[in-house]
Amino acid sequence: MKKIDFTLNGKQTILDVEDNETLLHALREKLDIKSVKEGCSIGECGACTVLIDNEPHYSCLTLASKVSGHDVKTVEFLGDENLLHPLQEAFITYGAVQCGYCTPGMLLAAYSLLLKNEHPTDTDIKEAISGNLCRCTGYIQIVEAIRNAAGLCKCNS
Amino acid sequence: MLPDFASVIPESKEDALAYLSSLKSAKIFAGGTDLLVKMRRGESYSHIVDITGIHDLKVISDHDEMINIGALSTHYEISVNQIISEKALSLAQACGWVGSPAIRNMGTIGGNLVNASPAADSLAPLLIHDADVVLESKDGTRRMRLEDFILAPYKTDIQPHEILTFITIKGLPGYREGYKRVTKRAAWAISRLSIAWAIQEKGGFYKDVKLAIGSCTPMPFRPRKVEDSLKDRAKDEKTIQVAVGEIIDEIIKVSGMRPSFVYKIPVVKALLEDILKG
Ligand code: FES
Ligand code: FES
């Protein structure tokens, strides 16, 4: 058992976690953040993507004990049903959400990209979401959504 | 769920080495991208020594022509590091190609070497930079050439109580350098075939040529005879053709003729010609 102290979506969070507990498990089962999905569990699908210090990480391959002292963001950080983030708006507008399983991870990967690069090319976008699989959309709508959101949001302000 | 284990999270190298020497069947945990996958497939360890909190092992520094890379540097950190980009560009490029962004943020170069996957992108660039690995245990430090450290695919000379702490490479500022690989899919693919090169030329002559070819053979290798023979040679069509022919012969000699060579060899040949022409 380890006590971890970290920032989750802007809030200081203290939590007891098992030594062998993944961040995915801690977020879903202990903190009830169900937007973080479990797909493959072996670092191939990206459904479990979270941002640690604003960089995408697979929470299925991250030990919860490792995030102590770090900043963790899930899609809840971006917005909620009352006030969606421009990226979320764009995903709806461009039809980039079908079943939605990949969407939280996609949004976080996209958000991390826009933090570093306000005007990404399509190649930059494809590279940024290359670790996130989508079985529904065929990606074109996702790339379009991110490209169009890029102009609209000042992610790093 | 992962198999049961207890973990310790030392903050200094000394503490980590002390834990390793006192714990039985302890496994070092770095990025987790390989180890946790193996655990999901049933490998289990009673103790994990999570070394990711050891700051000293994340530093990349240079001293004269030598570059010291902390083993916990992630692929992402190496790919954007200024020293590496200036003096070992092929390594920065190769690390920028590893896996996906998340894997690059998580996976470390040390972990990658200890796993010794023959398809690891970093191997070929490290070989042209004459990489050494530094292995530390409570009883002392040893340093060995990367080529000697990796014994076979997925097998290295690391001993149970050792940590791979640093990788040292020779910087090659002013060389024309790069890394190319051929894969089925551009992003998120495990390297199938790769070439790292660093070439110094002057006035139409080759001064120094370093090449490493990966994944064609069980281990990436340096065609050293060809490298030597190119020294002070005029850079012309004939020299290039002869050199490329010799390298291909060496690949076949090192690895034996393989069915996949039917398509691999022509690809390597064209790549090598481009690289030598520059
Ligand atoms: S569930 Fe983590 S990458 Fe698939
Ligand atoms: S919308 Fe279904 S997996 Fe992407």
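## Exercises on a two-chain model

About 720 Å³ of space lies in the second largest pocket. This is a predicted model, in which local features need pLDDT of at least 70 and side-chain atom pairs count only at pLDDT 80 or more, while totals for chains, interfaces and linings use all residues. Residues are numbered from 1 along each chain as its sequence is written, chains are lettered from A in the order in which they are written, and side-chain values use heavy atoms, with hydrogens and water left out.

**Exercise 1.** Describe the lining of the second largest pocket.

*Solution.* A pocket here is an open set of points on a 1 Å grid over the protein atoms alone, with protein on both sides within 12 Å along at least five of seven lines, and lining residues have an atom within 4 Å of a point. Next, the elements that give two or more residues to this lining are strand 4 of chain A together with helix 3 (75-80) and helix 6 of chain B. Finally, sorted by residue type, the lining divides into seven nonpolar, eleven polar and seven charged residues.

**Exercise 2.** Find the largest cavity and state which residues line it.

*Solution.* The structure holds one cavity of 30 Å³ or more, a cavity being a set of grid points where a 1.4 Å probe fits but cannot get out. The volume of the largest cavity is about 30 Å³. Chain A contributes Pro56, Tyr58, Ala109, Ala128, Gly131 and Asn132 to its lining, and chain B contributes Ser100, Pro101 and Ala102. Strand 4 (55-58) of chain A and helix 6 of chain B are the elements that give two or more residues. By type, the lining has six nonpolar residues, three polar and no charged.

**Exercise 3.** Characterise the contact between chain B and chain A.

*Solution.* With contact taken as heavy atoms within 4.5 Å, 29 residues come from chain B and 25 residues from chain A. There is one salt bridge between the chains, defined as a side-chain nitrogen of Lys or Arg within 4 Å of a carboxyl oxygen of Asp or Glu. It joins A:Glu127 to B:Arg104, whose closest N and O atoms are 2.3 Å apart. On the side of chain B that touches chain A, strand 1 (6-8), helix 2 (35-40) and helix 6 (101-106) each supply at least two residues, and helix 6 gives the most, with six residues.

Methods:
Helix = DSSP H or I, 4+ residues; strand = E, 2+ residues; numbered from the N terminus. Points joined across faces, edges and corners; volume = space filled by probe spheres on them. Nonpolar A, V, L, I, M, F, W, Y, C, P; charged D, E, K, R; others polar.
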